[in-house]
Amino acid sequence: MVADLITMDDLTNEQINTLLNNAEKLLPAAKGDEYLPLLEGKLLGNMFFEPSTRTRMSFETAMKRLGGNVVNLGALASSSVTKGETLFDTMKMVDGYCDVAVLRHPRQGAAQYAADACAIPILNGGDGAGHHPTQTLLDLFTIRQAHGRLDLNVVMVGDLRYGRTVHSLSHALARFGANLTFIAPPTLSMPEEIIQDLEEGGANITVSEDLISNLQTADVIYMTRIQKERFPDEDEYQKVAGIYKLARNDLRDVKESMILMHPLPRVDEIHPNVDDTPHAAYFDQAFNGVVARMALLCHLFDVAIPGGE
Ligand code: CP
């Protein structure tokens, strides 16, 4: 059992496989077709210091579908953060109020800092340009649902420098034998220390700036948004804004089984005319956040899932 989930290194491959198998069993409950009050009496604290739609709402949905409950920090403007309360003190409060907490914070390392301050499990809901491990669980679930395995050709595109989703996902996929292609402009390339770490672990990595020539061999294309909010300077953002875009026509020669993923929100990376192609997986991917987080919460509370492992 894991105490906190800060990076994917907190989970073994065996635990990841069990979570993905259990997530499958929880699909009817995640869809509301079955009521499964496995977490009745449990309370989750949603502590979001940065905007979120999917992570915050899917954790809330996961808890409530399982009969648990949720308290939210709410808008920062109406919290005591505006009075200067520190992250440490704020997390000490939720440690007393809740049984588990999700933290999203703009500062890399904030989730580990919170975990050190709290006795309850802390789940990293995204720490700056660091990690986003619960997103990785739903990403792995989506890939496995489509392809039945994870040792695939996966192309990651866009903001690989500041993109916490691709940092966590690349580590996990490398452990499961995927071939990874990183496509970004030089200013947004995957950090060298991450590439070195992956290569030391035996991963097969290709680095390129060209998206179109890498489409045909891909089993998964993982697009990401160029994150304006992470740039220290607006001019630097403008130089790369809109650099990678895919529309329906670009997908003419891709593998029939290729899935196009995106952690969302998208800006202009994927044209809406892709949405009704068989390749578009991003809305299912977002839904899978519920089922993956349900499986994780059951694991944290050591609750047996009917038919699960
Ligand atoms: N994918 C993701 O983290 O989305 P949100 O920022 O809306 O939570």
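**Close-up views of a predicted model**

**View 1. Helix α6 passes helix α10 in a right-handed crossing.** A crossing is called right-handed if the near helix is turned clockwise from the far one by less than a right angle, and left-handed if anticlockwise. The structure is a predicted model, in which local features need pLDDT of at least 70 and side-chain atom pairs count only at pLDDT 80 or more, while totals for chains, interfaces and linings use all residues. Residues are numbered from 1 along each chain as its sequence is written, and side-chain values use heavy atoms, with hydrogens and water left out. Helix α6 spans residues 133–147 and helix α10 residues 282–300; they pack at an angle of about 115°, with their axes 8 Å apart. The angle makes α6 roughly perpendicular to α10 (65 to 115 degrees; under 35 is roughly parallel, over 145 roughly antiparallel, and the rest oblique). Axes are lines fitted to C-alpha atoms over the stretch in contact, and angles run from 0 to 180 degrees between N-to-C directions. Helices are DSSP runs of H or I with at least four residues, strands are runs of E with at least two, and both are numbered from the N terminus.

**View 2. Residues of α6 meet residues of α10.** On the α6 side are T134, Q135, L137, L138, D139, F141, T142 and Q145; on the α10 side are Q285, N288, G289, V291, A292, R293 and L296 (contact means heavy atoms within 4.5 Å). By class, this contact of α6 with α10 has 6 nonpolar, 7 polar and 2 charged residues. Ala, Val, Leu, Ile, Met, Phe, Trp, Tyr, Cys and Pro count as nonpolar, Asp, Glu, Lys and Arg as charged, and the others, Gly among them, as polar.

**View 3. Helices α4 and α5 pack at an angle of about 55°.** Their axes are 9 Å apart, with α4 covering residues 87–97 and α5 residues 110–117. That angle makes α4 oblique to α5. The crossing of α4 and α5 is right-handed. L87, F88, M91, K92 and D95 of α4 meet A110, Y113, A114 and A117 of α5. The residues of this contact of α4 with α5 divide into 7 nonpolar, no polar and 2 charged.

View 4. A backbone N or O atom of R54 lies 3.0 Å from an oxygen atom of the ligand. Polar side-chain atoms also lie by ligand oxygen atoms, at 2.7 Å for T55 and 2.9 Å for H132.

**View 5. The peptide bond from L264 to P265 is cis.** Its omega is near 5°. L264 is found in the loop between β9 and α10, and its phi is near 65°, a positive value in a residue other than glycine.

Terms used: Polar contact = N/O pair within 3.5 Å; in protein donor to acceptor, adjacent residues only side chain to side chain.
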